[in-house]
Amino acid sequence: MSSLVLKRQTITVAPHLTVTFTLNYLLINLLLLLIYVLTAKTGLTFDAVSGFATLVWAPSGISLAALLILGLKYWPGIFWGAFIANYLTGAPPWVAFGIATGNSLEALLGAYFLKKFGFNLTFDKVKDALLFIFIAVVFSTLTSATVGTTSLLFGRVINLSVYFSTWSTWWIGDGLGDLVVTPFILAWVFNPKAKIASVQITELALAFLSLILISLIEFSGVFQIHNQSLPIAYTIIPALIWIALRFGIRETSTAILLVAIITIWGTVNGFGIFARPRLSESLLYLQGFVGVNAFTFLILSALEKERRELEKRKDEFVSIVSHELKTPITAIKGYLSMLKPSLSTSKKELSRAERIDNEVDRLTKLINDLLDFNRIISGKINLDYEPVSMNKLISGVVSDMKLLSKSHRFVFQSKTEVTTLADEYRISQVLINLLSNAVKYSANGTKIVIKLSRSNHLIIVSVRDLGIGIAPKYHKDIFIQYFQTHEQKKDGNSGLGLGLYISSQIIKAHNGQIWVKSKPGKGSTFYFSIPLKKPNMS
Ligand code: ADP
């Protein structure tokens, strides 16, 4: 194959691209060969069973990743890398040839069947993690173990009595190489720039620090932890869970590899709870531990990614549907206002039109609540701080309410003029919600009083109605999402129970507080306070 490649290079008339491709192809294969030889020789230094089968076999993971990323045609680099590594380790040439055939076949079959079954290289779904584990880790590795061990047997390098121990060591070593190394390479190649929110960077550093510290405490020998009956190695698991649940496959696969490197290094040096008199035995125990971790956390990470994806889609769905609903509602409202003047003056017709108008308003509120709720739970409520005159804001909202709800008398009282930094739109939204509730839950003709006051650091706004009031047992619950009092639930005319929840979240986002004082039958007073932030102090 390589002589064919070199021949093509000498054809001067060959298109430039072909020569580059050929050269690239040759160079990449050469690089693969070098990496293979280097990692294989390192692996074989760890107490190889029968001299060739080892429990630390990173080359299988590297080969599989290479063929998945670059394409199946890069198998020669793997083949010759395996040939040279085994030949240098003392295998007769045709035995090395047999082993190399098994090793490259393993990577080829793994990559081929993974692609055939639609494996996603970014481990997006649990299905991908499972396909990877069963096709690559469990099955493709059978090829290399079987062809390799049989080559050793026929070459009389081993005899039948050690066939099975050599075969099983080979199989486990290759499987673990795939499990620990391939996801790491794939994740970094396909997700090199996956964003981590700046607030999460400290968390990520802390998670990795704890992982490394725990691993080092147990496997560096500093603390002389040798007691084999202590299941202390499992204290690494919480840190792995932390990383798998809070970050992506890139961070999880890095953590798995890191744990593998530290624990192998420690065990090889005789430290930690897996250390036994014979290194191959120690490594077998250790690989059980590394293997179970890698298996569990690859799946957990994929599961978490899938869950986040579903959540994102649900949010998008709610958001799209709500936005789409808004358009026809605006149209209905518009046409209704055009129709109203042409309706006959019959009271019945006018009251029906009024009813339609009110229902459209209610629908609009429901949709807006849904949209806001969705924004809150996905953390997308961003406040737009600007200097706001609270007096102007309240007067504006109250004037609008006076026009919309002629059934009640609104009174705005304030002995102070305050301007603060706040999100004008969102604070107005809170006030509108409190005023609408006051209207909804108090009798026609009654008074609704809005007060504005301030202290050194706080602005306090209150809305008092003389309505039905709220029993003390509900005072905290009414700010919880979907909460409605029993009486309210029975009334089919109510909202979603989201208005006060959204208001409380908006006030919270302003670092403020919201609360209520009320007695059944005596009316309610809702208060909210936000810190006074003078615009020139910001
Ligand atoms: P909704 O949009 O369903 O009205 P809210 O979150 O705004 O939901 O209110 C939650 C519950 O709090 C209401 O169902 C009602 O029982 C009670 N509530 C809110 N404001 C008042 C008020 N001014 N007077 C009496 N009850 C109120």
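An oxygen atom of the ligand lies 2.9 Å from a side-chain N or O atom of Gln484. A polar contact here is a pair of N or O atoms within 3.5 Å. The table lists the side chains with such a distance to a ligand oxygen atom.

| Residue | Distance to a ligand oxygen atom |
|---|---|
| Gln484 | 2.9 Å |
| Lys440 | 3.1 Å |
| Tyr441 | 3.3 Å |

On its own the ligand exposes 540 Å², of which the protein buries 99% (Shrake-Rupley method, 1.4 Å probe).

The model is predicted: local features need pLDDT of at least 70 and side-chain atom pairs pLDDT 80 or more, while totals for chains, interfaces and linings use all residues. Residues are numbered from 1 along each chain as its sequence is written, and side-chain values use heavy atoms, without hydrogens and water.

The ligand is surrounded by 22 residues, the closest being Asn437, Asp465, Gln484, Gly497 and Leu500 (a heavy atom within 4 Å). By class, nine are nonpolar, 10 polar and three charged; Gly counts as polar and Tyr as nonpolar. α14 (424-440), α16 (499-509) and β7 (524-531) each give two or more residues to this shell, and α14 gives the most, with three. Helices are DSSP runs of H or I with at least four residues, and strands are runs of E with at least two.

The second largest pocket holds about 870 Å³ of space. Its lining has 31 residues, with Glu304, Lys305, Arg308, Glu309 and Lys312 closest to the centre. A pocket is an open set of points on a 1 Å grid where a 1.4 Å probe fits, with protein on both sides within 12 Å along at least five of seven lines; lining residues have an atom within 4 Å of a point. The volume is the space filled by probe spheres set on the points. α11 (279-339) is among the elements supplying at least two lining residues, and α11 gives the most, with 12.

Definitions and conventions:
A polar contact is a pair of N or O atoms within 3.5 Å; within protein, one must be able to donate a hydrogen and the other to accept it, and residues adjacent in sequence count only if both atoms are side-chain atoms.
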